[in-house]
Amino acid sequence: MRNLLDFLAKYNYWLVFVLLEAVSLFLLFRFNAYQGSVWFTSANTVTGKVLEWEAEAASYWSLRDANRELVRRNLLLEQQVRAMRTELRRAGHDSTYAELRQRSLLEGAELIEAKVITNTLRKRDNYITIDKGERDGVQPEMGVVCGTGVVGIVYLTSPHYSLVIPVLNSKSSISCRLRNTDYFGYLHWDGRRSLYAVLTDIPRHAHFKIGDVVETSGFSAIFPPGIFVGKISRILNSEDGLSYELEVNLSTDFGCLRDVCVVANPHQPEVKELENRWNEEKKKK
């Protein structure tokens, strides 16, 4: 307190001077129109500049939030653009001859669209899991195809999912024929390359060449006849030398398999029942 009194006593003349200057300026700008307008204009200018600086500082400190919002919007726009590109590719896609032929062959069958959720390639007994099951009408021993050809056969089903044995499985055996001929055999996988399988039991007197088309024979209720399987890439002799073994370049690329269709043949239960009756008759004999 004493220091404050000493300060006021020491600088009292300056304090009185500043007080009188403030009173005189107040009286000048308050009771004189011209000086008052100059003061008002100058004060507004200074206040506006200060507010502008304050706004710039606030916007600078809020840049982090603005950048986060921009990143979020860019991600949303990128997803929309990707979806639009996908739809444009689908709309502008020119169907190949194989796809058009397959559509015509499957017109009379009921197709259940499904998506692949699990797919293996590096095992000897590979399998595929799809997102449709018994509640969708899928049953064991139904054929599975995609836009480019044969995929496999349904093996097990649950209410919402199904397990498919693809061509790339050592237990797979699909009846196939050479297009435009009556020569048929059975397609097996040798466990080596995912793009090739082997068509066995082709008779020695059959006429064919490398590049000929291999398709389903229709000798079962699983696949209708004529579904594209692949093309002959190499001709080999069987181990006993009595028939040919044809290496087939598969039309289905299992490495990028996403969308498939299960072929529901309405006559399959009847055919299956007839075959079971035949087997029972043979056992009785």
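**Reading a predicted fold**

Q: What share of the 285 residues in the protein chain is buried?

A: Buried means a relative accessible area under 20%, exposed means over 50%, and partly exposed lies in between (1.4 Å probe, protein chains only). In this protein chain of 285 residues, 28% are buried. This is a predicted model, in which local features need pLDDT of at least 70 and side-chain atom pairs count only at pLDDT 80 or more, while totals for chains, interfaces and linings use all residues. Residues are numbered from 1 along each chain as its sequence is written, and side-chain values use heavy atoms, with hydrogens and water left out.

Q: How many helices and strands does the protein chain have?

A: Helices (H or I, at least four residues) and strands (E, at least two) are DSSP runs, numbered from the N terminus. Here there are six helices and twelve strands.

Q: Which strands pair with E4?

A: Two strands pair if DSSP finds at least two bridges between them. E4 covers residues 149-157 and pairs with E3, residues 143-146, through four antiparallel bridges. Within that pairing, Val145 has Val150 of E4 as its bridge partner. Two residues lie between E3 and E4, and the two strands form a hairpin. E4 also pairs with E5, residues 162-166, in the antiparallel sense, this time over five bridges. Ile153 is partnered there by Ile165 in E5, and Gly152 stands opposite Pro166 in E5. Four residues connect E4 to E5 in a hairpin.

Q: Which strand do three bridges join to E5?

A: That strand is E2, residues 128-130, which runs antiparallel to E5. Ser162 in E5 is the bridge partner of Ile130. E5 is largely enclosed by the rest of the structure, because four of its five residues are buried.

Q: Which residues touch the most other members of the largest nonpolar core?

A: A nonpolar core is a set of buried Ala, Val, Leu, Ile, Met, Phe, Trp, Tyr and Cys residues joined through side-chain atoms within 4.5 Å. The largest one here has 44 residues, and Leu187, Leu199, Leu250 and Val260 touch the most other members. Strand E12, residues 259-264, gives the most to this core, namely five residues.

Q: Which residues is Leu187 in contact with, leaving aside its neighbours within four places in sequence?

A: Contact means heavy atoms within 4.5 Å. With those neighbours set aside, the contacts of Leu187 include Val167, Ile174, Cys176, Ala197, Leu199, Val229, Val248 and Leu250. For the protein chain, take the contacts with a separation of 6 or more: residues 24 or more positions apart account for 57% of them.

Q: How many salt bridges does a search of the whole structure find?

A: A salt bridge is a side-chain nitrogen of Lys or Arg within 4 Å of a carboxyl oxygen of Asp or Glu. The search finds eight. One of them joins the side chains of Lys115 and Asp259 at 2.6 Å, N to O. Lys115 is partly exposed at 45% relative accessible area, and Asp259 is partly exposed at 41%.

Q: Where in the chain are Glu247 and Arg234?

A: Their side chains meet in a salt bridge of 3.3 Å, N to O. Glu247 is in strand E11 (residues 243-250) and Arg234 is in strand E10 (residues 228-237), 13 residues apart, so the pair is one that links distant parts of the chain. Glu247 counts as buried at 10% relative accessibility, whereas Arg234 counts as partly exposed at 39%. Elsewhere, salt bridges that share partners join Arg177, Arg179 and Glu215 into one network.

Q: Is Glu215 buried or exposed?

A: Glu215 counts as buried, at 1% relative accessibility. This residue lies in strand E9, residues 213-216. A polar contact is a pair of N or O atoms within 3.5 Å; within protein, one must be able to donate a hydrogen and the other to accept it, and residues adjacent in sequence count only if both atoms are side-chain atoms. The side chains of Glu215 and Arg179 are joined by such a contact, at 2.7 Å.

Q: How many disulfides does the structure hold?

A: A disulfide is a covalent bond between the sulfur atoms of two cysteines. The cut-off is a pair of cysteine sulfur atoms within 2.5 Å. This structure holds zero. The closest cysteine sulfur to that of Cys146 is in Cys256, and at 8.7 Å it is too far for a bond. Cys146 is itself buried, with a relative accessible area of 10%.
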